[in-house]
Amino acid sequence: TNASMADLIAQVEIRSEHTIEERTLEGGMPYTVSHYNAHIEEIWYGDPVDYNIQIWFVGDQQVLHQNDQLILYATYGDMENYYVPVDGPYSIFIINPPTDTLFPLSLINEYEELENQDVSVLREETEAVLANIASGNSPVAEGFLGEASADYIAEHSESPAE
């Protein structure tokens with residue numbers, strides 16, 4: 001789902017500390033949002049608005065650190081350079097130095113086999129998911145596919161014979 005719904009799949013570096021903001025919905029209900037400034041180091045899939053982005057979360061529970069390297073599956077927010085992880089913390093994989101192995105920000109059963117693996121394993125898994133989507137086997141309805149999936153499909157779909 002992360003790969004299929006993402007507008008951007010990239011390796012990024014966190015460039016700021018956690019910024020927390022209190023906001024209010026139209027009906028007066030308060031809520032908390034937080035964000036980090038980040039720089040895109042390598043684009044896997046998608047076409048970012050800029051290489052300097054902000055990664056936004058609802059709430060203030062996600063703890064990343066300045067200089068963290070991570071793999072991010074994100075959708076565009078409603079402001080320029082504003083990205084939201086597709087499935088919150090389940091859409092972020094930290095790259096652990098010095099071995100550059102993966103650590104999912106939120107460890108769930110589906111991610112256990114990725115823990116302590118090389119980044120190339122996650123990249124291959126992502127490529128396999130996108131290839132599966134391009135072949136017409138998407139776990140997500142076509143209207144909900146992100147820009148990264150749509151671009152992949154456009155580049156890898158077979159053209160009808162002339």
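**Figure 1. Confidence across the predicted model.** The protein averages a pLDDT of 89, and 94% of the residues score at least 70. Where pLDDT is low, the predicted coordinates should not be read in detail. This is a predicted model, in which local features need pLDDT of at least 70 and side-chain atom pairs count only at pLDDT 80 or more, while totals for chains, interfaces and linings use all residues. Residues are numbered from 1 along each chain as its sequence is written, and side-chain values use heavy atoms, with hydrogens and water left out.

**Figure 2. The overall fold.** The protein has three helices and eight strands, which run α-β-β-β-β-β-β-β-β-α-α from the N terminus on. The radius of gyration, taken over C-alpha atoms, is 16 Å, close to the 15 Å that the globule rule gives for 162 residues, so the protein is as compact as a globular protein of that length; the rule is 2.2 Å times the number of residues to the power 0.38. Of the 162 residues, 40% count as buried, a term that means under 20% relative accessible area, with exposed over 50% and partly exposed in between (1.4 Å probe, protein chains only).

**Figure 3. Strand 1 and its two partners.** Seven of the seven residues of strand 1 are buried, so this strand is largely enclosed by the rest of the structure. Leu8, Ala10, Val12 and Ile14 cover one side, and Ile9, Gln11 and Glu13 are on the other, all of them buried. In a regular strand the side chains alternate between the two faces of the sheet. Strand 1 runs antiparallel to strand 3, to which seven bridges join it, and Gln11 has Glu42 as its bridge partner there. Six bridges join strand 1 to strand 5 (residues 69-76), also in an antiparallel arrangement, with Ala10 opposite Leu72. Two strands pair if DSSP finds at least two bridges between them.

Figure 4. His35 lies in strand 3 (residues 30-46) and is buried, with a relative accessible area of 7%. A polar contact of 3.4 Å joins the side chains of His35 and Gln54; such a contact is a pair of N or O atoms within 3.5 Å, and within protein one must be able to donate a hydrogen and the other to accept it, residues adjacent in sequence counting only if both atoms are side-chain atoms. Leaving aside neighbours within four places in sequence, the contacts (heavy atoms within 4.5 Å) of His35 include Glu17, His18, Ile55 and Trp56. Asp47 is placed in the loop between strand 3 and strand 4 (52-58), where it touches Asp7, Tyr76 and Glu147, not counting residues up to four places away in sequence.

**Figure 5. Backbone features in two loops.** The peptide bond from Pro97 to Pro98 is cis, with omega near 0°, and Pro98 lies in the loop between strand 7 (92-96) and strand 8 (101-104). Asp100 is placed in the loop between strand 7 and strand 8; its phi is near 55°, a positive value in a residue other than glycine, and at 43% relative accessibility Asp100 counts as partly exposed. Asn67, found in the loop between strand 4 and strand 5, has phi near 80°, a positive value in a residue other than glycine, and is exposed, with a relative accessible area of 52%.

Notes:
Helix = DSSP H or I, 4+ residues; strand = E, 2+ residues; numbered from the N terminus. pLDDT = per-residue confidence, 0-100.
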